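Biologist: Could we go through the salt bridges in this model together?

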Amino acid sequence: MVLFRFIHGKDMFEAFYKKDLAKRLIVGKSASVDAEKSMLSKLKQECGAAFTSKLEGMFKDMELSKDIMLNFKHHMPARSQPGGIDLTVNILTMGYWPTYPHMEVHLPVEMVQYQEIFKKFYLGKHSGRKLQWQPTLGHCVLKAEFSNGKKELQVSLFQTLCFLLFNDGDEFTFEDIKQATAIEDSELRRTLQSLACGKARVLLKVPKGRDVEDGDKFVFNDDFKHKLFRIKINQIQMKETQEENTSTTEGVFQDRQYQVDAAIVRIMKTRKTLSHNLLISELYNQLKFPVKPADLKKRIESLIDRDYMERDKDNPNTYHYVA
């Protein structure tokens, strides 16, 4: 926490911390929930409740989801589980979590039926809410039979959709899989790369190679061997991590604009009339993150255009608040 006190852009830290915390909570890979909550408590003491409210909301969502799933499991015995699937759903409040891209994919009939059963159950208890499924965050445990015995595969939902196709055939082209799953092109290439070109090759690619190209064929690897019974097949990490970081950074800058606008209006409402230099000085006293004078000037111009304030007719460097 000593190092944390020296960070000027604490909102930037929060954005990246939230993104990484979300991954740990959704995949269940947090080393210790108590340690995570202890960190939140320290951040709250250091920066106040407003700083950690969304992070605390994420933990609350995970705890509420466990209770919802317990009730759902009690609700299910009266019904037969479609396809023998065991479904676990995490209900994430949109305002608390990072923004994730929404992608429509073709799910197996059994999964769609299960989704509809859960949707009916959940909306029956929480009317007026809207559920949006996020396939990009889904993960599964698949039971697979190979010539050397049975295995359990821990995979993403996209990997699952690709692998399940081989229940109905031994060989599919890249185009066949793309049409059957509706997974976005670059995402599908990474997914097939993880299944056919990684350490655990449950599929074989023809021709051999590290990259997935148009026209490549994929065959079920019946001779697959592994010393472990349960195998985790990791997704190939995106090369565009820099783009992901840029997107997070831009989101923080967008939030900062709103904070700057609010601070300018608050100061001008109190002072009514202020010179440019005094306004800039007041803003630096109030804002808790680094900002360039040129950026402040842009926000002032924006507020003038929107009639929140106006320039003095005789002195352009003086501003008046518009009530």
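The conversation below concerns salt bridges in this predicted model.

Biologist: How many salt bridges does a search of the whole structure find?
Modeller: The search returns 15 salt bridges.

Biologist: Which residue does Glu63 meet in a salt bridge?
Modeller: Its partner is Lys37, with an N to O distance of 2.7 Å. Glu63 lies in helix H4 (residues 49-75) and Lys37 in helix H3 (residues 33-47), so the pair links distant parts of the chain, 26 residues apart.

Biologist: What is the relative accessible area of Glu63?
Modeller: Glu63 has 38% and is partly exposed. Lys37, at 36% relative accessibility, is also partly exposed.

Biologist: Turning to the strands, where are Glu152 and Arg230?
Modeller: Glu152 is in strand S2 (residues 149-156), whereas Arg230 is in strand S6 (residues 230-232), 78 residues apart. The two form a salt bridge whose closest N and O atoms are 2.8 Å apart.

Biologist: Is Glu152 buried or exposed?
Modeller: Glu152 counts as buried because its relative accessibility is 15%, and the cut-off for buried is under 20%. Arg230 is partly exposed at 42%.

Biologist: Which residue forms a salt bridge with Glu301?
Modeller: That is Arg311, the closest N and O atoms being 2.2 Å apart. This pair joins helix H11 (residues 293-305), which holds Glu301, to strand S8 (residues 309-311), which holds Arg311. Glu301 is partly exposed, at 27%, and Arg311 is partly exposed too, at 31%.

Biologist: Which residues do salt bridges with shared partners join into one network?
Modeller: The network consists of Lys178, Asp185, Arg189 and Asp214.

How values were computed
Residues are numbered from 1 along each chain as its sequence is written. This is a predicted model: local features need pLDDT of at least 70, side-chain atom pairs count only at pLDDT 80 or more; totals for chains, interfaces and linings use all residues. Side-chain values use heavy atoms; hydrogens and water are left out. A salt bridge is a side-chain nitrogen of Lys or Arg within 4 Å of a carboxyl oxygen of Asp or Glu. Helices (H or I, at least four residues) and strands (E, at least two) are DSSP runs, numbered from the N terminus. Buried means under 20% relative accessible area, exposed over 50%, partly exposed in between (1.4 Å probe, protein chains only).
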